[in-house]
Amino acid sequence: MSTESTTGSGATTRATGVPSAADPAAPALRATGVGKSFTARKGEVVALTGVELEVAPGEFVSLIGPSGCGKSTLLRLIADLDAPTSGELTIFGKPAHQARLDQDYGIAFQQAGLLPWRSVGANIALPLELHGVERAARAARVAELAELVGLTEFVDRHPDELSGGMQQRVAIARSLAAKPRLLLMDEPFGALDEMTREYLQSELARIAAETGAAVVFVTHSIPEAVFLSDRVVVMSPRPGRITDVVATPLGARRDDGLRESPEYYAHVTAVREALHGTPTHRPGEP
Amino acid sequence: MSRRTSAILWGVLGVLAVVLLWEGYKALGPAEGVVIGAVPGEAGSGVLILPRTHDRAMPHVWDMVARLFAPTSGGSTPPLWVSVLGAAGLTLGIAAVGWVIGVVVGGVLGALMQRWRLLEWGLLPWIVVSQTVPLIAFAPIVNSMGLQLGRGGGFEWPQWVSVAVIASYLAFFPVAIGVLRGLAAPDRIHLDLLRSYAAGYGATLWRLRLPAAVPYLLPALRLAAANAVVGAVVAEVSIGMRGGIGRMLLQLAGQASADPAAPWGPTFGAIALGLVAAGSVALLGLGLRRYRRGEATA
């Protein structure tokens, strides 16, 4: 576990138990000069360096890049699951540590990570339970979220009775439980088959639009990033850093029709070129 | 055939096999056993490689059963099975107290060691070493320490407390190890998740670590139950406590040449004791079924 004392204000607020008010004008996420290095046997390994990033409230931003580019590390830093070695991270104007204590973000990982001994409903309710939300309010919120992810008939089932895609939907519902205005997702559809994946992408686009939450989405799939995002942040390894940011303004219409539109292909090409660093040469063109 | 019926059938077959083996050897084996290297005229010389089969050494199974219904020590004393039941009940009660002490102590030690790695390094070797101390040497020391304590404090230290303490000394070990491993069992992703919810140590322990530890805890508790019974029986014998099954076994074994079927009564009692103890823990596992999803039902 990383240190609890990375920021000064954390301890005071924890003592009073009152969440500090978020600044409504502040960006959902601001990273300035963020770096992370690990001490390995062979000396210092730089996982991430000089990250500058701002995500507006309600904006959908994907982090894409080859393995080792530090995209997951960056997400862990934002979530305050690890502490940065340099730089500063704020979430709605608050230090990341404080944002974690105040539950300003929801998080989902590649594995659904459901507790096997809890029913679907109890899994969704877990973050609410830990934050002392009372039983009736909890039940109401669980019903609402189950409806949102289309699992109303399954709230009493256990995770081992669900398919991988359904489990991931439960994980998304759980990440939304405390009504966060920022969602952090680390390759949530990475372990799913292509059909389920496309279906859940459309679902996530709808859910993000409905809740108005900002999303930071880690992926290694270019089409997935383009389909979902307002902006795609391209990263590169050794040392992990941001090399490019590609705007993919496809508007609010994120449905299957979009997957076949020319502008979608144009954006996919733009992201691919940004990833490879050179314009792609197409056969049959000069 | 359902799983349950076949399980019962196999159990009965197992007992029958033991009975057949016993009676079969008794019928076929030489009455005085087989001794090699005996010097003629010198009693007790040589090595006995096959046991004697005469009625004093190997009573018939039906004699053992019949003996259970005869008076314990002649006259109008109650039948043997009643005495065995009473003695086994007393030992079971003491073993249960030892089990509870062992589970509490082992649980706390395991949790402390899991929380602080430094404590694991410091304590674990001692905990392992503690189990190598021979009980037969250790039991009288515990008893005399208890008596000293009672004398100093002006109260009487009952012998059964010594027995329970010794039983707990054997019982705590598997629990400490099981808790140490079990509490460290949750997946990384679950720990990250709870951390993202700003859950403290207590909340993480209660909602994640303990439920995840159940598959490790149940075998540990079962081992602890078996250990507590063994510890209680041995401790009774070694400190000379009256009324328990250990003492009864010793006493009747002393009269075996005159009444060879008698010691088998308390022997059956001790076996039943172990089964009841292990069965109680199995019941506990039934209650914790939902924490064992995905685990093969055992």
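How many helices and strands does the secondary structure of chain A come to?

1. Overall make-up of chain A. The model under review is a predicted one. In it, the secondary structure of chain A comes to nine helices and ten strands. Chain A has 286 residues, of which 44% count as buried. If one takes the contacts in chain A between residues at least 6 apart in sequence, 72% of them join residues at least 24 apart.

2. Contact between the chains. On the side of chain A, 16 residues are in contact with chain B, and chain B contributes 15 residues in return. Two helices of chain A, H3 (96–101) and H4 (120–130), each supply at least two residues of the side that touches chain B. By residue type, that side of chain A divides into ten nonpolar, four polar and two charged residues.

3. Surroundings of Val271(A). This residue sits in helix H9 of chain A, which covers residues 262–276. Is Val271(A) buried or exposed? Val271(A) counts as buried because 22 C-beta neighbours lie inside 10 Å, and the cut-off for buried is 20 or more. Leaving aside neighbours within four places in sequence, Val271(A) is in contact with Ile64(A), Ile222(A), Ala225(A), Val226(A), Val232(A), Val234(A) and Val246(A). For one of these, Ile222(A), the C-alpha atom is separated from that of Val271(A) by 6.9 Å, although the two residues are 49 apart along the chain.

4. Cis peptide bond. Arg238(A) and Pro239(A) are joined by a cis peptide bond, with omega at about -10°. Pro239(A) is placed in the loop between strand S9 (231–236) and strand S10 (241–247) of chain A.

5. Positive phi at Lys179(A). Lys179(A) is not a glycine, yet its phi is positive, at about 50°. The residue lies in the loop that runs between helix H6 (164–176) and strand S7 (182–186) of chain A. Lys179(A) has 12 C-beta neighbours inside 10 Å and therefore counts as exposed, the cut-off for that class being 12 or fewer.

6. Positive phi at Glu187(A). Glu187(A), also a residue other than glycine, has a positive phi near 45°. Its loop is the one between S7 and helix H7 (194–211) of chain A. Why does Glu187(A) count as buried? Glu187(A) has 20 C-beta neighbours inside 10 Å, so it falls in the buried class.

7. Domains of chain B. Chain B is divided into domain 1, residues 3–58, and domain 2, residues 80–292. The C-alpha centres of these two domains of chain B lie 33 Å apart.

8. A helix pair in chain B. Helix H6 (residues 159–183) and helix H8 (residues 201–239) of chain B have axes that come within 7 Å and cross at roughly 155°. H6(B) is therefore roughly antiparallel to H8(B), since angles over 145 degrees count as such. The crossing of the two helices, H6(B) and H8(B), is right-handed. Which kinds of residue make up the contact of H6(B) with H8(B)? The residues of this contact divide into 24 nonpolar, six polar and three charged.

Conventions. Residues numbered from 1 in each chain as written. Chains lettered and ligands numbered in written order. Predicted model: local features only at pLDDT ≥ 70, side-chain atom pairs only at ≥ 80, totals over all residues. Axes fitted to C-alpha atoms, helices over the stretch in contact; angles between N-to-C directions. Helix = DSSP H or I, 4+ residues; strand = E, 2+ residues; numbered from the N terminus. Parallel < 35°, antiparallel > 145°, perpendicular 65-115°, else oblique. Left-handed = near helix turned anticlockwise from the far one by under 90°. Nonpolar A, V, L, I, M, F, W, Y, C, P; charged D, E, K, R; others polar. Domains from an automatic or database assignment. Contact = placed C-beta atoms within 7 Å.
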